[in-house]
Amino acid sequence: MSDDIFITEERIEGAEDGPLAGKTVAVKDNISTDGVRTTCGSRMLEDYVPPYDATVVSRLKAAGATIVGKANMDEFGMGTTTETSYFGETDNPAAPGHVPGGSSGGSAAAVAAGEADLALGSDTGGSVRCPAAFCGVVGIKPTYGLVSRYGLIAYGNSLEQIGPFGETVEDAAQLLDVIAGSDDRDATTRSEGDDSSYADAATGDVDGLSIGVPTELLEGADEGVVETFWEALDDLEERGASYHEVSLPSVEHAVEAYYVIAMSEASSNLARFDGVRYGHSGGYDGNWNETFARAREEGFGDEVKRRILLGTYALSAGYHDKYYKKAQDARAWVKQDFDEALSEADVLASPTMPVPPFELGESVDDPLQLYLADANTVPVNLADLPAISVPAGETDGLPVGLQFVGPAFGEERLIRAASALA
(Lines give C-alpha, C1' and ligand atoms only; values in the text may rest on other atoms or scores of the structure.)
Protein backbone atom coordinates (compact mmCIF):
# COMPACT_ATOMS: atom_id res chain seq x y z
CA MET A 1 0.00 0.00 0.00
CA SER A 2 2.80 2.45 0.82
CA ASP A 3 4.10 2.30 -2.78
CA ASP A 4 1.24 4.52 -4.02
CA ILE A 5 0.98 6.70 -0.89
CA PHE A 6 4.51 8.06 -0.59
CA ILE A 7 6.61 9.75 -3.26
CA THR A 8 9.64 9.72 -0.95
CA GLU A 9 9.87 7.36 2.04
CA GLU A 10 12.93 8.80 3.75
CA ARG A 11 12.53 8.98 7.55
CA ILE A 12 13.21 12.22 9.40
CA GLU A 13 13.68 11.76 13.14
CA GLY A 14 12.49 14.42 15.57
CA ALA A 15 13.59 15.29 19.10
CA GLU A 16 13.73 12.52 21.68
CA ASP A 17 10.80 13.94 23.64
CA GLY A 18 7.90 16.31 23.14
CA PRO A 19 4.11 16.17 22.70
CA LEU A 20 4.42 14.06 19.54
CA ALA A 21 7.22 11.76 20.71
CA GLY A 22 6.63 8.28 19.32
CA LYS A 23 4.15 9.55 16.70
CA THR A 24 4.73 9.09 12.97
CA VAL A 25 3.68 11.79 10.52
CA ALA A 26 3.29 11.83 6.73
CA VAL A 27 3.96 15.21 5.10
CA LYS A 28 2.34 16.32 1.86
CA ASP A 29 4.92 16.67 -0.87
CA ASN A 30 4.45 20.42 -1.35
CA ILE A 31 5.82 21.17 2.15
CA SER A 32 9.57 21.77 2.18
CA THR A 33 11.86 19.32 4.01
CA ASP A 34 15.55 20.15 4.34
CA GLY A 35 17.61 17.71 2.28
CA VAL A 36 14.63 15.55 1.31
CA ARG A 37 13.09 15.66 -2.16
CA THR A 38 9.92 17.76 -2.45
CA THR A 39 8.21 17.37 -5.83
CA CYS A 40 4.66 18.76 -5.59
CA GLY A 41 3.65 15.61 -7.47
CA SER A 42 5.13 17.13 -10.64
CA ARG A 43 7.78 16.27 -13.18
CA MET A 44 8.71 19.95 -13.00
CA LEU A 45 10.17 19.44 -9.49
CA GLU A 46 11.03 15.75 -9.80
CA ASP A 47 14.57 16.29 -8.50
CA TYR A 48 14.10 19.37 -6.30
CA VAL A 49 15.65 19.11 -2.82
CA PRO A 50 14.89 22.11 -0.55
CA PRO A 51 17.74 23.59 1.51
CA TYR A 52 15.44 24.40 4.43
CA ASP A 53 12.49 23.13 6.46
CA ALA A 54 9.01 24.60 6.35
CA THR A 55 8.01 26.10 9.70
CA VAL A 56 5.53 23.28 10.30
CA VAL A 57 8.26 20.70 9.69
CA SER A 58 10.58 22.42 12.16
CA ARG A 59 7.77 22.35 14.71
CA LEU A 60 7.11 18.65 14.07
CA LYS A 61 10.77 17.84 14.69
CA ALA A 62 10.88 19.93 17.87
CA ALA A 63 7.73 18.16 19.11
CA GLY A 64 9.40 14.74 18.77
CA ALA A 65 7.52 13.48 15.73
CA THR A 66 9.08 11.12 13.18
CA ILE A 67 8.33 12.01 9.57
CA VAL A 68 7.96 8.76 7.65
CA GLY A 69 7.61 10.06 4.12
CA LYS A 70 6.41 12.67 1.65
CA ALA A 71 2.84 11.89 0.66
CA ASN A 72 1.49 11.75 -2.89
CA MET A 73 -0.72 14.58 -4.09
CA ASP A 74 -2.42 16.07 -7.13
CA GLU A 75 0.19 18.00 -9.11
CA PHE A 76 0.83 21.36 -7.42
CA GLY A 77 -2.34 20.78 -5.37
CA MET A 78 -4.60 21.01 -8.41
CA GLY A 79 -7.17 18.23 -8.25
CA THR A 80 -9.83 16.43 -6.27
CA THR A 81 -8.71 12.82 -6.71
CA THR A 82 -4.87 12.56 -6.45
CA GLU A 83 -4.93 11.22 -10.01
CA THR A 84 -3.06 14.16 -11.56
CA SER A 85 0.21 13.27 -9.79
CA TYR A 86 3.13 12.69 -12.16
CA PHE A 87 4.06 9.73 -9.94
CA GLY A 88 0.75 7.92 -10.36
CA GLU A 89 -2.58 7.63 -8.60
CA THR A 90 -3.19 6.65 -4.97
CA ASP A 91 -5.80 4.05 -4.07
CA ASN A 92 -8.24 4.65 -1.21
CA PRO A 93 -7.50 2.31 1.73
CA ALA A 94 -11.04 2.79 3.07
CA ALA A 95 -12.64 2.04 -0.30
CA PRO A 96 -10.26 0.13 -2.60
CA GLY A 97 -10.76 0.93 -6.26
CA HIS A 98 -11.90 4.45 -5.44
CA VAL A 99 -10.02 7.74 -5.27
CA PRO A 100 -8.76 8.99 -1.89
CA GLY A 101 -9.78 12.56 -2.70
CA GLY A 102 -7.43 15.42 -3.33
CA SER A 103 -5.27 17.16 -3.48
CA SER A 104 -3.89 15.81 -0.16
CA GLY A 105 -4.96 12.26 -0.98
CA GLY A 106 -1.68 10.63 -0.03
CA SER A 107 -1.75 12.24 3.42
CA ALA A 108 -5.28 11.05 4.16
CA ALA A 109 -4.54 7.59 2.74
CA ALA A 110 -1.44 7.27 4.94
CA VAL A 111 -3.55 7.75 8.07
CA ALA A 112 -6.40 5.55 6.81
CA ALA A 113 -3.97 2.73 5.93
CA GLY A 114 -2.10 2.94 9.24
CA GLU A 115 1.11 3.99 7.44
CA ALA A 116 1.30 7.08 9.70
CA ASP A 117 -0.37 8.14 12.94
CA LEU A 118 -0.88 11.68 11.68
CA ALA A 119 -0.39 13.65 8.49
CA LEU A 120 -0.10 17.16 7.12
CA GLY A 121 -1.87 18.39 4.02
CA SER A 122 -2.71 21.76 2.52
CA ASP A 123 -6.20 23.07 1.82
CA THR A 124 -6.76 25.67 -0.92
CA GLY A 125 -10.38 24.81 -1.68
CA GLY A 126 -11.04 21.62 0.26
CA SER A 127 -7.81 19.69 -0.26
CA VAL A 128 -7.67 18.51 3.36
CA ARG A 129 -11.40 18.06 3.94
CA CYS A 130 -12.17 16.21 0.68
CA PRO A 131 -9.63 13.40 1.23
CA ALA A 132 -10.54 13.23 4.92
CA ALA A 133 -14.16 12.61 3.93
CA PHE A 134 -13.31 10.10 1.18
CA CYS A 135 -10.87 8.14 3.37
CA GLY A 136 -12.96 8.15 6.56
CA VAL A 137 -10.50 10.14 8.68
CA VAL A 138 -10.48 13.58 10.34
CA GLY A 139 -9.09 16.65 8.57
CA ILE A 140 -8.90 20.25 9.77
CA LYS A 141 -8.68 23.35 7.58
CA PRO A 142 -7.51 26.09 10.00
CA THR A 143 -8.46 29.76 9.87
CA TYR A 144 -6.30 31.63 7.37
CA GLY A 145 -3.31 32.88 9.35
CA LEU A 146 -3.42 30.34 12.19
CA VAL A 147 -0.67 28.13 10.68
CA SER A 148 2.47 29.38 8.97
CA ARG A 149 2.72 28.84 5.21
CA TYR A 150 6.48 29.42 5.19
CA GLY A 151 7.95 26.54 3.21
CA LEU A 152 4.64 25.61 1.54
CA ILE A 153 5.16 25.73 -2.23
CA ALA A 154 2.46 28.15 -3.25
CA TYR A 155 -0.59 27.46 -5.38
CA GLY A 156 -3.09 30.13 -4.22
CA ASN A 157 -1.55 32.33 -1.53
CA SER A 158 -4.72 34.04 -0.36
CA LEU A 159 -6.65 30.78 0.01
CA GLU A 160 -4.38 27.99 1.21
CA GLN A 161 -3.63 26.74 4.71
CA ILE A 162 -1.65 23.76 6.00
CA GLY A 163 -3.87 21.45 8.05
CA PRO A 164 -3.67 18.20 10.04
CA PHE A 165 -5.13 14.72 9.56
CA GLY A 166 -5.75 12.18 12.30
CA GLU A 167 -7.71 9.03 12.93
CA THR A 168 -9.68 10.87 15.63
CA VAL A 169 -10.54 14.50 16.26
CA GLU A 170 -8.31 14.55 19.33
CA ASP A 171 -5.36 13.23 17.28
CA ALA A 172 -5.78 15.92 14.62
CA ALA A 173 -6.23 18.60 17.29
CA GLN A 174 -3.03 17.51 19.01
CA LEU A 175 -1.14 18.01 15.76
CA LEU A 176 -2.81 21.41 15.28
CA ASP A 177 -1.55 22.43 18.73
CA VAL A 178 2.00 21.80 17.52
CA ILE A 179 1.85 23.61 14.17
CA ALA A 180 -0.40 26.59 15.04
CA GLY A 181 0.92 30.00 16.01
CA SER A 182 2.65 33.10 14.71
CA ASP A 183 5.81 32.98 12.61
CA ASP A 184 8.14 35.88 11.87
CA ARG A 185 8.77 34.40 8.41
CA ASP A 186 5.08 34.55 7.44
CA ALA A 187 3.51 37.98 7.84
CA THR A 188 -0.01 36.56 7.41
CA THR A 189 0.17 34.56 10.65
CA ARG A 190 -1.65 35.62 13.79
CA SER A 191 -0.93 35.05 17.47
CA GLU A 192 -4.23 33.29 18.26
CA GLY A 193 -2.58 29.86 18.15
CA ASP A 194 0.52 30.72 20.19
CA ASP A 195 -0.81 29.20 23.42
CA SER A 196 -3.36 26.84 21.92
CA SER A 197 -4.93 23.84 23.63
CA TYR A 198 -7.08 22.46 20.85
CA ALA A 199 -6.76 18.85 21.97
CA ASP A 200 -8.33 19.80 25.31
CA ALA A 201 -11.44 20.94 23.42
CA ALA A 202 -12.13 17.40 22.15
CA THR A 203 -14.53 16.64 24.99
CA GLY A 204 -17.44 15.37 22.91
CA ASP A 205 -19.77 17.67 24.87
CA VAL A 206 -22.30 19.24 22.48
CA ASP A 207 -25.00 20.03 25.03
CA GLY A 208 -26.51 23.38 24.06
CA LEU A 209 -24.61 23.59 20.76
CA SER A 210 -26.57 25.37 18.02
CA ILE A 211 -25.94 24.03 14.51
CA GLY A 212 -26.96 25.89 11.36
CA VAL A 213 -27.57 23.85 8.21
CA PRO A 214 -27.14 25.87 4.98
CA THR A 215 -29.84 24.55 2.68
CA GLU A 216 -27.83 25.49 -0.42
CA LEU A 217 -25.09 23.00 0.52
CA LEU A 218 -27.55 20.10 0.39
CA GLU A 219 -28.93 20.89 -3.06
CA GLY A 220 -27.84 18.39 -5.69
CA ALA A 221 -26.02 16.16 -3.19
CA ASP A 222 -26.18 12.38 -3.49
CA GLU A 223 -29.25 10.98 -1.73
CA GLY A 224 -27.23 8.51 0.35
CA VAL A 225 -24.81 11.24 1.42
CA VAL A 226 -27.68 13.48 2.55
CA GLU A 227 -29.34 10.65 4.45
CA THR A 228 -26.10 9.83 6.27
CA PHE A 229 -25.61 13.52 7.08
CA TRP A 230 -29.06 13.84 8.69
CA GLU A 231 -28.51 10.66 10.71
CA ALA A 232 -25.31 12.17 12.14
CA LEU A 233 -27.14 15.39 13.05
CA ASP A 234 -29.89 13.39 14.73
CA ASP A 235 -27.19 11.67 16.80
CA LEU A 236 -25.86 15.06 17.88
CA GLU A 237 -29.38 16.21 18.74
CA GLU A 238 -29.78 13.23 21.06
CA ARG A 239 -26.64 14.43 22.83
CA GLY A 240 -28.08 17.88 23.49
CA ALA A 241 -27.31 19.84 20.32
CA SER A 242 -29.98 21.53 18.20
CA TYR A 243 -30.05 22.31 14.51
CA HIS A 244 -31.99 24.59 12.19
CA GLU A 245 -31.81 25.77 8.60
CA VAL A 246 -29.83 28.86 7.56
CA SER A 247 -29.13 30.36 4.15
CA LEU A 248 -25.94 31.18 2.23
CA PRO A 249 -27.32 32.60 -1.05
CA SER A 250 -23.89 33.67 -2.32
CA VAL A 251 -22.55 30.11 -2.53
CA GLU A 252 -24.32 29.84 -5.87
CA HIS A 253 -21.39 31.84 -7.26
CA ALA A 254 -18.65 30.56 -4.96
CA VAL A 255 -17.20 27.84 -7.19
CA GLU A 256 -16.86 30.21 -10.15
CA ALA A 257 -15.29 32.94 -7.99
CA TYR A 258 -12.94 30.48 -6.33
CA TYR A 259 -11.57 29.07 -9.56
CA VAL A 260 -10.99 32.51 -11.09
CA ILE A 261 -9.04 33.61 -8.00
CA ALA A 262 -7.17 30.33 -7.49
CA MET A 263 -6.20 29.96 -11.14
CA SER A 264 -5.09 33.59 -11.33
CA GLU A 265 -2.85 33.17 -8.29
CA ALA A 266 -1.55 29.87 -9.67
CA SER A 267 -0.65 31.54 -12.96
CA SER A 268 1.47 34.05 -11.06
CA ASN A 269 3.01 31.61 -8.59
CA LEU A 270 4.01 29.01 -11.16
CA ALA A 271 5.69 31.51 -13.49
CA ARG A 272 8.98 30.88 -11.66
CA PHE A 273 9.09 27.27 -12.87
CA ASP A 274 10.76 27.89 -16.21
CA GLY A 275 13.66 25.44 -16.28
CA VAL A 276 16.12 28.26 -15.52
CA ARG A 277 15.29 29.54 -12.05
CA TYR A 278 13.50 26.39 -10.91
CA GLY A 279 12.27 23.16 -12.33
CA HIS A 280 12.65 20.70 -15.16
CA SER A 281 15.09 21.66 -17.88
CA GLY A 282 15.82 19.46 -20.86
CA GLY A 283 19.09 21.20 -21.74
CA TYR A 284 17.59 22.46 -24.99
CA ASP A 285 19.39 24.50 -27.60
CA GLY A 286 17.76 27.54 -29.10
CA ASN A 287 16.55 30.87 -27.81
CA TRP A 288 15.19 31.44 -24.30
CA ASN A 289 11.54 31.57 -25.35
CA GLU A 290 11.74 28.17 -27.03
CA THR A 291 13.59 26.66 -24.06
CA PHE A 292 11.08 28.15 -21.62
CA ALA A 293 8.11 26.85 -23.59
CA ARG A 294 9.49 23.32 -23.97
CA ALA A 295 10.48 23.08 -20.29
CA ARG A 296 6.95 24.01 -19.19
CA GLU A 297 5.32 21.83 -21.82
CA GLU A 298 7.23 18.78 -20.55
CA GLY A 299 7.31 19.71 -16.87
CA PHE A 300 3.62 20.42 -16.22
CA GLY A 301 0.68 18.04 -16.53
CA ASP A 302 -2.58 18.78 -18.33
CA GLU A 303 -4.52 20.05 -15.30
CA VAL A 304 -1.76 22.45 -14.26
CA LYS A 305 -1.48 23.80 -17.81
CA ARG A 306 -5.25 24.26 -17.94
CA ARG A 307 -5.29 26.31 -14.75
CA ILE A 308 -2.27 28.42 -15.73
CA LEU A 309 -3.88 29.28 -19.07
CA LEU A 310 -7.24 30.17 -17.53
CA GLY A 311 -5.59 32.21 -14.77
CA THR A 312 -3.41 34.09 -17.23
CA TYR A 313 -6.49 34.88 -19.32
CA ALA A 314 -8.41 36.17 -16.27
CA LEU A 315 -5.55 38.52 -15.37
CA SER A 316 -4.89 39.76 -18.90
CA ALA A 317 -5.50 43.33 -20.01
CA GLY A 318 -9.14 43.90 -20.80
CA TYR A 319 -10.35 40.94 -18.75
CA HIS A 320 -9.03 41.67 -15.23
CA ASP A 321 -12.09 43.71 -14.21
CA LYS A 322 -14.49 41.39 -16.04
CA TYR A 323 -13.33 38.25 -14.22
CA TYR A 324 -10.81 38.72 -11.39
CA LYS A 325 -12.34 41.86 -9.87
CA LYS A 326 -15.85 40.37 -10.01
CA ALA A 327 -14.55 37.20 -8.36
CA GLN A 328 -13.11 39.26 -5.50
CA ASP A 329 -16.47 41.05 -5.12
CA ALA A 330 -18.18 37.66 -4.92
CA ARG A 331 -15.64 36.58 -2.31
CA ALA A 332 -16.63 39.50 -0.08
CA TRP A 333 -20.29 38.52 -0.50
CA VAL A 334 -19.55 34.94 0.53
CA LYS A 335 -17.71 36.18 3.63
CA GLN A 336 -20.65 38.40 4.55
CA ASP A 337 -23.14 35.53 4.21
CA PHE A 338 -21.07 33.24 6.43
CA ASP A 339 -20.78 35.93 9.09
CA GLU A 340 -24.56 36.41 9.08
CA ALA A 341 -25.25 32.68 9.26
CA LEU A 342 -22.77 32.25 12.12
CA SER A 343 -24.55 35.00 14.04
CA GLU A 344 -27.54 32.63 14.11
CA ALA A 345 -25.68 29.45 15.10
CA ASP A 346 -22.52 28.34 16.90
CA VAL A 347 -21.34 26.28 13.92
CA LEU A 348 -22.58 25.42 10.44
CA ALA A 349 -22.83 21.85 9.16
CA SER A 350 -23.04 20.23 5.74
CA PRO A 351 -21.86 17.11 3.95
CA THR A 352 -18.14 17.63 3.30
CA MET A 353 -18.48 16.32 -0.24
CA PRO A 354 -21.80 16.11 -2.09
CA VAL A 355 -20.89 12.69 -3.47
CA PRO A 356 -19.16 9.53 -2.20
CA PRO A 357 -15.66 8.72 -3.51
CA PHE A 358 -15.40 8.38 -7.28
CA GLU A 359 -14.09 5.17 -8.78
CA LEU A 360 -10.49 5.43 -9.96
CA GLY A 361 -10.50 6.78 -13.50
CA GLU A 362 -14.16 7.75 -13.38
CA SER A 363 -13.82 11.54 -13.47
CA VAL A 364 -10.20 12.40 -14.23
CA ASP A 365 -11.11 13.41 -17.81
CA ASP A 366 -14.07 15.56 -16.74
CA PRO A 367 -12.58 18.62 -15.01
CA LEU A 368 -15.91 20.45 -14.82
CA GLN A 369 -17.47 17.62 -12.80
CA LEU A 370 -14.49 17.68 -10.44
CA TYR A 371 -14.68 21.46 -10.03
CA LEU A 372 -18.38 21.25 -9.13
CA ALA A 373 -17.64 18.53 -6.55
CA ASP A 374 -15.89 21.24 -4.51
CA ALA A 375 -19.14 23.18 -4.02
CA ASN A 376 -19.32 22.60 -0.24
CA THR A 377 -15.66 23.23 0.55
CA VAL A 378 -14.44 26.18 -1.54
CA PRO A 379 -16.77 28.78 0.07
CA VAL A 380 -14.96 28.27 3.40
CA ASN A 381 -11.60 29.22 1.86
CA LEU A 382 -13.12 32.29 0.22
CA ALA A 383 -14.38 33.37 3.66
CA ASP A 384 -11.03 32.63 5.43
CA LEU A 385 -12.85 30.52 8.03
CA PRO A 386 -11.93 27.26 9.81
CA ALA A 387 -13.61 23.94 9.03
CA ILE A 388 -13.27 20.30 9.97
CA SER A 389 -14.34 17.11 8.22
CA VAL A 390 -15.27 14.19 10.46
CA PRO A 391 -16.54 10.72 9.49
CA ALA A 392 -20.35 10.65 9.55
CA GLY A 393 -20.96 7.07 8.39
CA GLU A 394 -21.23 5.31 5.05
CA THR A 395 -23.46 5.07 2.01
CA ASP A 396 -23.29 1.86 -0.03
CA GLY A 397 -20.13 0.96 1.89
CA LEU A 398 -18.35 4.21 0.99
CA PRO A 399 -17.24 6.84 3.56
CA VAL A 400 -19.22 10.05 4.07
CA GLY A 401 -17.81 13.11 5.81
CA LEU A 402 -19.62 15.79 7.78
CA GLN A 403 -18.18 19.31 7.63
CA PHE A 404 -18.43 21.82 10.47
CA VAL A 405 -17.61 25.48 9.77
CA GLY A 406 -16.99 28.01 12.51
CA PRO A 407 -16.12 31.67 13.00
CA ALA A 408 -12.59 32.93 12.46
CA PHE A 409 -10.22 31.33 15.00
CA GLY A 410 -13.12 29.25 16.33
CA GLU A 411 -11.21 25.96 16.02
CA GLU A 412 -11.94 24.95 19.61
CA ARG A 413 -15.67 25.17 18.96
CA LEU A 414 -15.35 23.01 15.82
CA ILE A 415 -13.22 20.45 17.61
CA ARG A 416 -15.72 20.19 20.46
CA ALA A 417 -18.58 19.62 17.99
CA ALA A 418 -16.71 17.13 15.82
CA SER A 419 -15.36 15.12 18.72
CA ALA A 420 -18.89 13.97 19.50
CA LEU A 421 -18.76 11.95 16.25
CA ALA A 422 -15.12 10.76 16.21
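Tutor: A salt bridge is a side-chain nitrogen of Lys or Arg within 4 Å of a carboxyl oxygen of Asp or Glu. The model is predicted, so local features need pLDDT of at least 70 and side-chain atom pairs count only at pLDDT 80 or more, while totals for chains, interfaces and linings use all residues. Residues are numbered from 1 along each chain as its sequence is written, and side-chain values use heavy atoms, with hydrogens and water left out.

Student: How many salt bridges does a search of the whole structure find?

Tutor: One of the pairs is Asp339 with Lys335, whose side chains meet at 3.5 Å, N to O. Glu303, Arg306 and Arg307 are linked in a network of salt bridges. For the whole structure, the search gives a total of 14.

Student: By about how much of a helix are Asp339 and Lys335 separated?

Tutor: Both residues belong to helix H9, residues 320-342 (helices are DSSP runs of H or I with at least four residues, strands are runs of E with at least two, and both are numbered from the N terminus). An α-helix has 3.6 residues a turn, so residues three or four places apart point the same way. Because Asp339 and Lys335 are 4 residues apart in H9, their separation is about one helical turn.

Student: Is Asp339 buried, partly exposed or exposed?

Tutor: Buried means under 20% relative accessible area, exposed means over 50%, and partly exposed lies in between, with a 1.4 Å probe and protein chains only. Asp339 has a value of 38%, so the residue counts as partly exposed.

Student: Which residue forms a salt bridge with Asp53?

Tutor: Asp53 is buried, at 13% relative accessibility. The closest N and O atoms are 2.6 Å apart, and the residue that joins Asp53 is Lys61.

Student: How far apart are the closest N and O atoms of Arg185 and Asp183?

Tutor: Arg185 is partly exposed, at 47% relative accessible area. Asp183, in contrast, counts as buried at 11%. The two form a salt bridge in which the closest N and O atoms are separated by 3.6 Å.

Student: Which helix do the buried residues of H1 pack against?

Tutor: Helix H1 covers residues 55-62, and its buried residues are Thr55, Val56, Val57 and Leu60. These residues have contacts (heavy atoms within 4.5 Å) with strands S2 (24-28), S3 (66-71), S4 (118-123) and S6 (161-166). The helix that they also pack against is H4 (169-179).

Student: What distance separates the C-alpha atoms of Glu298 and Arg43?

Tutor: Glu298 lies in helix H7, residues 288-299, and is partly exposed at 31%. Not counting residues up to four places away in sequence, Glu298 touches Arg43, His280 and Tyr284. Although Glu298 and Arg43 are 255 residues apart along the chain, their C-alpha atoms are separated by 7.8 Å.

Student: What is the radius of gyration of the chain?

Tutor: This quantity is taken over C-alpha atoms, and the globule rule is 2.2 Å times the number of residues to the power 0.38. For 422 residues, a compact globule would have a value near 22 Å. The value for the chain agrees with this: 20 Å.

Student: What share of the 422 residues counts as buried?

Tutor: The secondary structure of the chain comprises 12 helices and 11 strands. Along its principal axes, the C-alpha trace spans about 70 × 55 × 45 Å. Of the 422 residues, the buried share is 60%.
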